[in-house]
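Subject: Handover of a structure

Dear colleague,

Please find the structure below, followed by an account of what was found in it. I would be grateful if you read the two side by side.

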Amino acid sequence: MLLATGTYLTLFYRPDAAPVIYDGPYEPLRGQEMSAAYESVLRISYEVKAGLVMRQIHHWAALVFVASIVAHMVRVFFTGAFRKPREINWMVGVTLLVLAIGMGFTGYSLPDDLLSGTGLRIAYSALISIPFIGPYLGFLVFGGEFPTEGIISRLFVLHVMLLPAIVIGLIGLHLGILWRQKHTQFAGKGRSESNVVGKAFWPQQLFKSTGLMLLTGAVLALLGGLVQINAVWNYGPFDPSAVSAPSQPDWYVGWLEGAIRLWPPFEPTIFGITIPSMFIPGVVIPGIGFTVMALWPFAEQRFTKDRAMHHMLDRPRDRPVRTAIGMAGILYVTILTVAGGNDVLALTFKVPIEAMVWFLRIGLFVVPLLGGIVTYRLCREMQSSGAHPLRRRRGVRLRRKPDGGFEEVSPDEARSGV
Amino acid sequence: MKGARWIYAAFVVSMLASVGLVTFYFIGESAQVEGVLLGLALGGMGLGVVGWATTLMDVPTETEEREPLGPGAEDPAASEPPLAPEEVTRRKMLVRVAGAAAAAMGAALAIPALSLGPRPGDRLDKTKWTAGARLVDSLGNPQRPADIPLNGVKTVFPAGFEGEADSQTVVIKVDPEVLELPEERAGWAPEGCVAYSKICTHAGCPVGLYRAEARELLCPCHQSTFDVTRGCEPVFGPAARALPQLPMEIDDTGFLVATGDFPEPVGPSYWNMDVSGDEAGCSSGSRSDSASNTGPARDCERSFPITGRSCSARSRCFASSCCLRPAPI
Amino acid sequence: MSGLALALYFSGESVAQDGYTLEGSRIATMGQAEEDEVDGARLFANSCSSCHGIDGEGTDNGPSLENSGEASAHFQLTTGRMPLANNDQAVRKEPAFDDEQIDALVEHVGTLGEGPGIPEVDLEGADLSAGQASFIENCAACHGAIGAGGAVGNEALAPSLSAATPTQIAESIIVGPGQMPRFEFTDEQRNDIVNFVVYLRDEPRPGGADIGGIGPVPEGFVAWLVGMGALLAVALLIGSHRRKPAITGAHEEGDAA
């Protein structure tokens, strides 16, 4: 869906930051100066037939695309499908996640509207904040001091040519490795480490996959037509001295936004080098985070001393430590993402922003810790009882004794059906 | 085929929706209609295909043995004859030299990437504000103190540079009694009008929110809050550096003018920025356009052993400054 | 106290929203039942002076109203912000006084100094585009690009602009109530902004449902809840093991390869 709608949009979009005067049907902006890029997006939304629905499908598809990658990654993690011989494929996958986020960011910055332009400014500041090479890197990537006219066309090349080429290549690699290694499977009747049980790829699996693609397209088409998204005409063209509130990036960059918001005002100078307050949350923490994610299979091998090949999937409960750590990680990223929208939360729940920030700062450490511990205990519980704790019967079972009175039925007897 | 009727129906619905889409393109325009029709077209087809695959196809579950993977699985080396010692050394040399050549070529091919952008120079240190520059609003109208209402806020630029991103400035008029500026900057706020850089020192967003009763500027991006009465010191949020204050006075014709550039770099911090905040103190070069100073280096309160630089902290921010300005890169 | 109870009983006015009784206005109304005209000074003395001082000079509980002008009083009273319900930020609620009383109070406050009068708002011929540009430059940082409101820190909330009348919008720009700063515009510029704010309420949403209109936060929620939720249902549908229907007649047709 992204490729199809994206190609369509490319035919109408102008990646040009040169100023033009708007003369189209959207009255509140008529006569105002804006970049040709922004003007072309207005034209797509208001003048090109089917343009708006294509644009909206494209944006919804981007949000759901990254969400799907995350859901898939979480599944692979909790079932241990990244173990030997699939470590390389896992790293390809993490790379794909990073690239998908990059594609999203470059994509929503193309309309050059007030909201995405504010995000570009923050990205520029993040680059500048890197010690030693920061200012060079910022000027290099943007082509000068922010704001530059060249950045839009550079983002366009990235978004339409370079990044898709790499992504498609890596997806090909990802699927190719999968094809060669064959997919993993849960334990079951007739299944072992040395075989694969399932329906043939042709025609069954291919049809199912095609069906999935079509139905996904249907969901995205419905969203794209029925729910308004990224109404850039409301934000207006980018103006470096103006800003609107609330200002957030798309959800998959929300964790980065939250990290930057929650970080305390800590800006030390070490040996004459200033470490700007947005360097650590904006550059270091994401770098560490993605590196840990990518190298996880090797870390787990080292800790569990398990370097055997695995083609069978784990049930998450059978690996309580990994599951607990994974859960803690998910909670951590979730809280950061929620923190990215803390002003919207403050408005919705009528809580002062300052209280919200402190609440989230504390929650960032407490919730993953507690969540990890609870998850670990739940796993252990489920391993021993063999049943889902929520579906487990509460209370005791009683049996009437022959001489009157009641006695308790022990769990073993209950299970064996006595 | 009873159970399969829905599959036929799904395909038919899809067909009708597609025809509807084509028709609608010519007769109207509505994202909602287009989206729903497209959804039905794709969804009907999808349901049909899935139903076909799962319900109708009578394909048995198969079991396939895995091929052995990993080392030892294929052994191509075993089929080659072993190399003689001289061949091994020569091959090693060749690999090394070829590798070095490839690395060097990589660097050579990558170097034009440096054409992507200019060197920063001192562009991050300076703005377009100069001594004598009038404060104008976004339409170019010069501002008198009376043009700014009490408890009001206005975005201004240096005359001739309206809209210039790095020079964006907010002017706020407060009751002069409540101002608690550092003494060397007290004269920068005539008639209660104080001017600060609008670029947040955290991540560069325009600090556009002003809470008039609290006299605090709030940046909407990450909620950094600055106290206007005390030189825009950050009081909440991730910003660690005060917003630089613009030195201002009223000229002979009654308009507000700047008396120089900001004393510190505007916007987010970077690794080698100079926040000494006073042009007269540093011995090598000054930041404003005034004549170069010849005063001695000030007594510094802090010094760093490795670089040998001596620094003084002028404001309450965490980044301290260097009196000896680093040579322009 | 019995007098007050009688007043409440006979006043015929319902208790105000949110459960507070507005004793000042009850007493005032009762006392004036016989008079034809509403006495602004007396109303002020009964309802406002406990916080604002008998001459509007201010007390520990309320700011001075000197030079605040008719515009300020009219805004605060018609939006119901004053009388204040509690010590939090003044918010829009049901006005405590009727039109006649408000006019009288406004006139009285106007005599307390040299403040701005109630502005004349004329939306005829207003420039929508100029209004949009001014709005984004001055208002959107607190009130949001579509005037949906926002949290501005320190427990203050910039309200949604959907309920305000054109006059109230113009007054708030001039007066800068509460944490809002003041803005100086020509009448024409101000009319442009008011016109744009009014336009925002009925602005067509060609893309479909609004979901708040405040950008990526609700969009992200919908992407996960609706989008991924629907896809989960799709996955369950595809993956479910279905019994094959009985095929009567020749069964070679329809069989897969």
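How many helices and strands are there in chain B? Chain B holds four helices and 13 strands, where helices (H or I, at least four residues) and strands (E, at least two) are DSSP runs, numbered from the N terminus.

Two conventions apply: residues are numbered from 1 along each chain as its sequence is written, while chains are lettered from A and ligands numbered from 1 in the order in which they are written. This is a predicted model, in which local features need pLDDT of at least 70 and side-chain atom pairs count only at pLDDT 80 or more, whereas totals for chains, interfaces and linings use all residues.

Confidence in chain B

The pLDDT is the predictor's confidence in each residue, from 0 to 100. Its mean for chain B is 81, and 78% of the residues of chain B reach 70 or more. Over residues 278–329 of chain B, however, the pLDDT is below 50, although this stretch has 110 contacts in the model beyond near neighbours in sequence; two residues are in contact if their C-beta atoms, placed from the backbone, lie within 7 Å. Where pLDDT is low, the predicted coordinates should not be read in detail.

Burial in chain B

Of the 329 residues of chain B, 40% count as buried, that is, 20 or more other C-beta atoms lie within 10 Å of the residue's own, with C-beta atoms placed from the backbone.

The sheet of chain B

Six strands of chain B form an open sheet in the order β5-β4-β3-β2-β11-β10, with antiparallel pairing; two strands pair if DSSP finds at least two bridges between them. At the edges are β5 (193–197) and β10 (248–250) of chain B, each of which pairs on one side only. Five bridges join strand β4 (residues 169–173) of chain B to β5(B) in the antiparallel sense. Within β5(B), Ser197(B) stands opposite Thr169(B).

Where the chains meet

Chain A gives 81 residues to the contact and chain B gives 74 residues. On the side of chain A that touches chain B, α8(A) gives the most, with 15 residues. Val197(A) has Thr63(B), in β1(B), as its bridge partner.

Note on methods
A residue is buried if 20 or more other C-beta atoms lie within 10 Å of its own, exposed if 12 or fewer, and partly exposed in between; C-beta atoms are placed from the backbone.
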